[in-house]
Amino acid sequence: MPAQQSDSVPVGVEFSESFVEADGFRIRYREAGSGEVLICLHGGGGLRISRAHELLACSRRLIAFEIPGFGQSPVNDRSASMEELAGTMNAAVTALGIDHYSIMGNSFGSKVALWMAILRPQAVKAVVVVGPAAIRLPNQGPPPGRLAPERAAELLYAHPDRQPPIPPLAPEIVAKQIALSARLLGPPRDEPFEARLRALPMPVLALFGTHDRVTPPAGAHLFREILPNCHLVMVYDAAHGIDADRPEAVAAIVDDFLSRGDGFLVRRKSGIIYP
Amino acid sequence: MKAALFCTTRYDGPASHSVWPAPGDTYSAQWAERSMQTTLERFRLADEMGFDWVTVAEHHFAPFSMTPNPMVMAAALTNVVKRAKVAILGPDIPILDPVRVAEEIAMVDTLTQGRVIAGLMRGSPNEYVTYNTNPAESRERFEESLQLIKMAWTERQPFGWQGRYYEYRTICIWPRPLQQPHPPIYISTASPESGEFAARLHLGAGFAFTTVQIASQSAKYYRDQCRLNGWEPSAENIIYRLAMHVAPTDEQAIEEMREAGGGLPSVGLSFRNRAVESAVASSGYYGRDIETQRARLQSRGELMDRIDKGQVLVGAPDTVLGQIKRIRDILGAGILDMVVASQLGDKATRAIELFGTKVLPRMQEL
């Protein structure tokens, strides 16, 4: 049978680690690459650099923030709302001297990303949401962060056996992250947020894993219905951890979308077999 | 039980039935036209006689079947078959464009006012040569394609697909299937891999040109897998395809069927090009149960042996009804998909008539 393992060849991209001050938070971030800027916001499990991030950093400057209150950072009880947290993250981008950028948010991070775009529509060129929890069907499954690592792996990945084990997090970090996500994520349908989304000017790419049980593809249509310019894409054989299950597929479409905007609908790869 | 009439649209003129691809040097447009009209007439008759389904299928480069695109024949049937369901069993989806398959089935479903049965197949080994597709990727292509087709039928918002084998930026088909959420889907479940996949996705199971014994083992595996996935398939979830010939007496039916070479070609389509079959086999196409699968496709024998194995129904109406009951008891299939020996000409047509009047009403009560 054909090989499916995706991580046979290392990408060879090294991420550096730094901190930036914004709104009184000391925010950790990891960075690689050069060129147009892509800001990445992680999901409820915290900052993680996937192979998709590495691949994307080959053609752009990728900055992956650790949202205040995640990982080793102190408990964040100051960000009163998602809107306020997004303002902080935009301030962090500005503090890095960046004027124009695109944003990619996974799961919980999708709502931060969309709020950042709402707040700075002139600065944000495009938004990518991956397994987005920003708009949800009622009664969607539990966030994987609340499950034991083995159960979380089953829920996160279409093929848990092909993934490295999820590194165990200290219980206090897990508790802190869960509390922050639960406090800020908001209801499945957040009317004031959706009203703002309806006026979002830039293109949005929404990626859903066909096997995602956390943010299932059944809810994907909501993004098309609410956002004025949203491209839905189903990533086959991926669960909630889409970029872990199908890193090459995710990186390729995100790169194409960021490079060509709405024009990415039109294929530009040559079909010539032999010249 | 339900009865389906399967016509391959066999080319009834002189042609080679032992090699693949069959050379076209004996091809005659008149024979081809006549053969297609015969098929349409038989389907019309089956519909009038009360057959539950009529069946079309995809095969390439062979006079055995002149429906390389079964959708075209299915569309033609919308003017011929007024009542029966039109079973497209099926397009060979790993060698086709899945979006096109979704569109065509939705179109025929709308034209037939919701009478389409969607059999989504892998096709026989030789079909991988047809459009130059790597058979090693057959199963993965099949599984991905089927899930894409389902999504094209059900997702109402335009969506892109970032697959392993298929990539589309935006899909939103018109027309959409009339049956909601989509037409019933069947796949061939001869192999354990297919049985597991069908069980996981709640698909119907089909067994074709095998033996009732081999099929019953595969059907048991399929049912076990369905239970593991939390559902119980009904008899109607299982289709069994075989040859059929009915005549007023057993003797006549047997004699006529012998005249037709036993109702099945002496060499199955897959084995008419040994080099192709062998190269496909070495690619891993057959999966983990390769020995059984290859043996199944080569299982040919004397007519009485074929009757015994449940590969053909032959005899007077009462005899055939007994053979049907036996298959039902062993296999639990709810639908028999029957192919008549086209080379018998009018006798094959009369067999459909006789089956329709003398067997079908009693079979449908089983």
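Reply: Strands of a sheet pair through backbone hydrogen bonds, either parallel or antiparallel. Here strand β8 (residues 230-235) of chain A runs parallel to β5(B), joined to it by four bridges. Two strands pair if DSSP finds at least two bridges between them; strands (E, at least two residues) and helices (H or I, at least four) are DSSP runs, numbered from the N terminus. This is a predicted model: local features need pLDDT of at least 70 and side-chain atom pairs count only at pLDDT 80 or more, while totals for chains, interfaces and linings use all residues. Residues are numbered from 1 along each chain as its sequence is written, and chains are lettered from A and ligands numbered from 1 in the order in which they are written.

Me: Which residue in β5(B) is the bridge partner of Leu232(A), and which is that of Val235(A)?

Reply: Leu232(A) is partnered by Phe159(B), and Val235(A) by Gln162(B).

Me: What is the order of strands in the open sheet?

Reply: The ten strands run β1(A)-β2(A)-β4(A)-β3(A)-β5(A)-β6(A)-β7(A)-β8(A)-β5(B)-β6(B), with mixed pairing. β1 (16-22) of chain A and β6 of chain B are at the edges with a single partner strand each, so one side of each has no neighbour in the sheet.

Me: How many residues does each chain give to the contact?

Reply: Chain B gives 18 residues and chain A gives 17, where contact means C-beta atoms, placed from the backbone, within 7 Å. On the side of chain B that touches chain A, the elements giving two or more residues are α5 (138-154), β5 (159-162) and β6 (167-171).

Methods
Contact = placed C-beta atoms within 7 Å.
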